[in-house]
Amino acid sequence: MSRPEAGAIVLVDWRTGAVPQEPSKIRPAIVVEGEDLFPDGYPNILVVPLTRDEGLAYPAFAERIEPTPQNGGEGTSWALGHHVTTVSLRRVQTTSSCITPGQLHSLRQRVSLALGL
């Protein structure tokens, strides 16, 4: 599998190994890693999970994603920059959906803020 590009919306299978307050189902996520950050053979990828639960979206760190034909959303979602994580590519299913370059830039800023950078 080739690495999904930054800004791509993927489906991540988080059903195995989750503890309370962590994702525990198949859910969408946004790829946030930089282009050429890892070689094609690297087994993991950096993502930010998406949720429709606004209560999980800490305002300073969450990017609001309105539904568009490009992102395939069915309702307003929140990209949780404070939940940035690395997952195995074996857990990832690609889609044809993506966010805009402006949304990706804003989301990366929110991730940086959450990490104190």
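Keep in mind that the model is predicted.

Let's start with the layout. The protein chain has 1 helix and 7 strands, and from the N terminus on they run β-β-β-β-β-β-β-α. So how does its radius of gyration sit with that of a compact globule? For 117 residues such a globule would come out near 13 Å, and the protein chain has 13 Å, so the two agree.

Here are some whole-chain values for the protein chain.

| Property | Value |
|---|---|
| Span of the C-alpha trace along its principal axes | about 35 × 35 × 30 Å |
| Accessible surface | about 6,900 Å² |
| Distance between the centres of the positive and negative side chains | 6 Å |

Carbon and sulfur atoms account for 52% of that accessible surface. As for charge, there are 10 positive and 12 negative side chains.

Now for the inside. Buried residues are 37% of the 117 in the protein chain. In soluble globular proteins, nonpolar side chains tend to be buried together. Here the largest nonpolar core has 12 residues, among them Ala6, Ile30, Val48, Leu50 and Val111. Both β3 (44-51) and α1 (101-114) supply at least two residues of this core, with the largest share, 3 residues, coming from α1.

Ile99 is another member of the largest core. Leaving aside residues up to four places away in sequence, Ile99 touches Gly7, Ile9, Ile30, Ile65, Gln70, Leu104 and Leu107. There is also a second, separate core of 11 residues, including Trp14, Val47, Val87 and Leu89.

Finally, among contacts between residues at least 6 apart in sequence, 62% join residues at least 24 apart.

Methods. Residues are numbered from 1 along each chain as its sequence is written. This is a predicted model: local features need pLDDT of at least 70, side-chain atom pairs count only at pLDDT 80 or more; totals for chains, interfaces and linings use all residues. Side-chain values use heavy atoms; hydrogens and water are left out. A nonpolar core is a set of buried Ala, Val, Leu, Ile, Met, Phe, Trp, Tyr and Cys residues joined through side-chain atoms within 4.5 Å. Buried means under 20% relative accessible area, exposed over 50%, partly exposed in between (1.4 Å probe, protein chains only). Helices (H or I, at least four residues) and strands (E, at least two) are DSSP runs, numbered from the N terminus. Contact means heavy atoms within 4.5 Å. The radius of gyration is taken over C-alpha atoms; the globule rule is 2.2 Å times the number of residues to the power 0.38. Accessible areas come from the Shrake-Rupley method with a 1.4 Å probe; for residues, only the protein chains shown count as cover. Lys and Arg count as positive and Asp and Glu as negative; His and the chain ends are not counted. The place of a charge is taken as NZ of Lys, CZ of Arg, CG of Asp or CD of Glu.
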